Amino acid sequence: MSKRLVVIGGVAAGMSAAAKAKRVDREREVVVYERGPFISYAACGMPYYIAGDVPDYQELIVRTPAQMAKQGVEVHVRHEVTAIDVAAHTVTVRDRTEQGGDGRTFTQDWDKLVIATGARAAQPSMPGVDLPGVFALRALSQGMALRRFLDERQPRQAIVVGGGYIGVEMAETFRRLGLDVKMLIRSGQVMRTTLDDDVRALVEEELARQGVTVLQCQPVAFEGDGRVAAVVTTDGRYPCDVALLGMGARPETALAQAAGVALGPTGAIATDAHMCTSVPDVYAAGDCAEVLHLVTGQPDYIPLGSTANKQGRVAGAHAAGAQASFGGVVGTMVTRVFDLAVARTGLTVAQARSVGRTVSETMIKARDLAHYFPGAAPIHVKLVVEEESGRLLGGQIVGRQGVAKRIDVLATALHHALVIEDLQRLDLSYAPPFAPVWDPLLVAANVAAK
Ligand code: FAD
């Protein structure tokens, strides 16, 4: 059998795996199959590309197939892997480079395989979901199509269906482009699984202040004659001329499942710390795979680019013969909602209780800079602490400045299972342009300790 690593999927996890494997073992053949036209791009930048902050989509592309070829990695775009035969150590590939044609099919053998098939945007099976003007945002080509639509059609009314963070980021983008924006959410709550109610209230306040209407209703259909004209819900009909599906991501696991690769309890591919799946010589990484949540000790599904890159790197290194492992995550994320930064790490109160922890919660409001310093603004810090042990289980922060740096302190604390007294003792940076003398994190820790 040839010493060949085959990677399925060419974005964050797949390209990290391919590049790392080649660096570890220069002799190894590394071949990537990507069914789309682009590889190695920053999907996270798409809302800002659509808003015009990033003028050209090419700026989102980190590496091209030609650049990868110079590093010795063979990349085939518009090539879809249609089957994996784990016994024969082969993949079946359909070449879709010919426009309009079905493409020729061939098999490729491998001694190691990395599945990095990512995720897809959750898509409701609603009538009219395929109408022009209804967009999901996952692949770069979808982002480009949405920006083209906005440029050419100049829509006036946008509807975001769902309240996930991408939906919120896109509500901001549409608003900044001058559109009327409504978010239609079944629960009526934005970022429902990510934030506790008191923190979410701050986000919803900002959305309302910026002119985004959030409505609790159940969308049932998209309507339109050749192009979307309205979203029909159980509570009425809302006109729109562009709609975005923002209901989260689902792992792309069909190929792995058909090959007999085990899924975990979350429905994503189960792996060990080396990113090995249940099948020998087969790895999985990125949004198609589960992660170990270090606070709960349980597998979780938290599809983020930060994790996909790390998991891909570990899978590639291990497949090429190096020692590498991925420790797990604590569920850290940050996003911008107009003038606010919104961040969380660890468990919310609801999540902590759902895994049987008894917790106390502390929410404080402080200033992000010295109170007299120009530009000082309110910042809200919430801490979730296990009552019996005093261990920090999670944190959420909303403010204008210094939110990301502070959530990263809490994430570090979670990685090391710090208790609240440890947090109180942290030597955090202070100078008036950056923080008050009592950093909001220390204020929150002092209040929580009481
Ligand atoms: P994907 O990016 O989904 O790539 C998988 C690739 O595999 C796809 O290109 C697909 O075409 C290909 N593929 C699938 N099946 C096959 C097949 N059978 N044959 C060949 N190819 C196949 N994360 C953050 O951490 N921070 C952020 O701020 C952030 N913002 C985001 C904003 C948006 C709008 C989006 C969409 C995502 C954002 N993310 C963010 C998430 C981040 O982009 C993903 O976690 C990351 O792209 C996952 O990388 P991946 O390689 O695992 O999967």
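Eight of the eight residues of strand β25 (residues 392-399) are buried, so the strand is largely enclosed by the rest of the structure. The model is a predicted one. The largest nonpolar core has 41 residues. A search of the whole structure finds three aromatic pairs. Around the ligand there are 30 residues.

**Strand β25 and its partners**

- Strand β22 (residues 340-346) pairs with β25 in the antiparallel sense, over six bridges.
- Within that pairing, alanine 341 stands opposite glycine 399 of β25.
- Strand β24 (residues 378-386) also runs antiparallel to β25, and seven bridges join the two.
- Here lysine 382 has glutamine 396 in β25 as its bridge partner.
- The hairpin of β24 and β25 has five residues between the strands. In this hairpin, glycine 390 takes a positive phi near 75 degrees.

**Aromatic pair Phe135–Phe149**

- A pair of aromatic rings is described by the distance of the centres and the angle of the planes.
- For phenylalanine 135 and phenylalanine 149, the ring centres are 5.2 Å apart and the planes stand at 65 degrees. Planes over 60 degrees apart count as edge-to-face, so this pair is edge-to-face.
- Phenylalanine 135 lies in strand β9 (residues 134-136), and phenylalanine 149 lies in helix α4 (residues 140-153). The pair therefore ties together parts that are 14 residues apart in sequence.

**Largest nonpolar core**

- Which of the 41 core residues touch the most other members? They are Leu146, Phe174, Met183, Leu207, Val242 and Leu244.
- Helix α4 supplies the largest share of this core, five residues.
- Leucine 146 is in contact with Ile50, Phe135, Met170, Phe174, Val242 and Leu244, leaving aside its neighbours within four places in sequence. One of these contacts, Phe135, is also a member of the edge-to-face pair.

**Ligand surroundings**

- Of the 30 residues around the ligand, Ala13, Glu34, Asp287, Leu304 and Gly305 come nearest.
- A polar backbone atom of valine 81 is 2.9 Å from a nitrogen atom of the ligand.
- Aspartate 287 has a backbone N or O atom 2.8 Å from an oxygen atom of the ligand.
- For leucine 304, a backbone N or O atom lies 3.4 Å from an oxygen atom of the ligand.

**Histidine 318**

- Is histidine 318 buried or exposed? Its relative accessible area is 18%. The limit for buried is under 20%, so histidine 318 counts as buried.
- Histidine 318 sits in helix α8 (residues 305-319).
- Not counting residues up to four places away in sequence, histidine 318 touches His274, Cys276, Tyr283 and Ala324.
- Cysteine 276 is 42 residues from histidine 318 along the chain, and their C-alpha atoms are separated by 8.7 Å.

- Histidine 89 is not a glycine, yet has a positive phi of about 55 degrees. Its place is in the loop between β4 (79-85) and β5 (90-95). Histidine 89 is buried, at 12% relative accessible area.
- Phenylalanine 338 also has a positive phi, near 55 degrees. This residue is found in the loop between β21 (333-337) and β22. Phenylalanine 338 is buried, with a relative accessible area of 10%.

Methods: Residues are numbered from 1 along each chain as its sequence is written. This is a predicted model: local features need pLDDT of at least 70, side-chain atom pairs count only at pLDDT 80 or more; totals for chains, interfaces and linings use all residues. Side-chain values use heavy atoms; hydrogens and water are left out. Rings of Phe, Tyr and Trp (its six-membered ring) pair if their centres lie within 6.5 Å; planes under 30 degrees apart count as stacked, over 60 as edge-to-face and the rest as tilted. Helices (H or I, at least four residues) and strands (E, at least two) are DSSP runs, numbered from the N terminus. Buried means under 20% relative accessible area, exposed over 50%, partly exposed in between (1.4 Å probe, protein chains only). Two strands pair if DSSP finds at least two bridges between them. A nonpolar core is a set of buried Ala, Val, Leu, Ile, Met, Phe, Trp, Tyr and Cys residues joined through side-chain atoms within 4.5 Å. Contact means heavy atoms within 4.5 Å. A residue is near a molecule or strand if one of its heavy atoms lies within 4 Å of it. A polar contact is a pair of N or O atoms within 3.5 Å; within protein, one must be able to donate a hydrogen and the other to accept it, and residues adjacent in sequence count only if both atoms are side-chain atoms.
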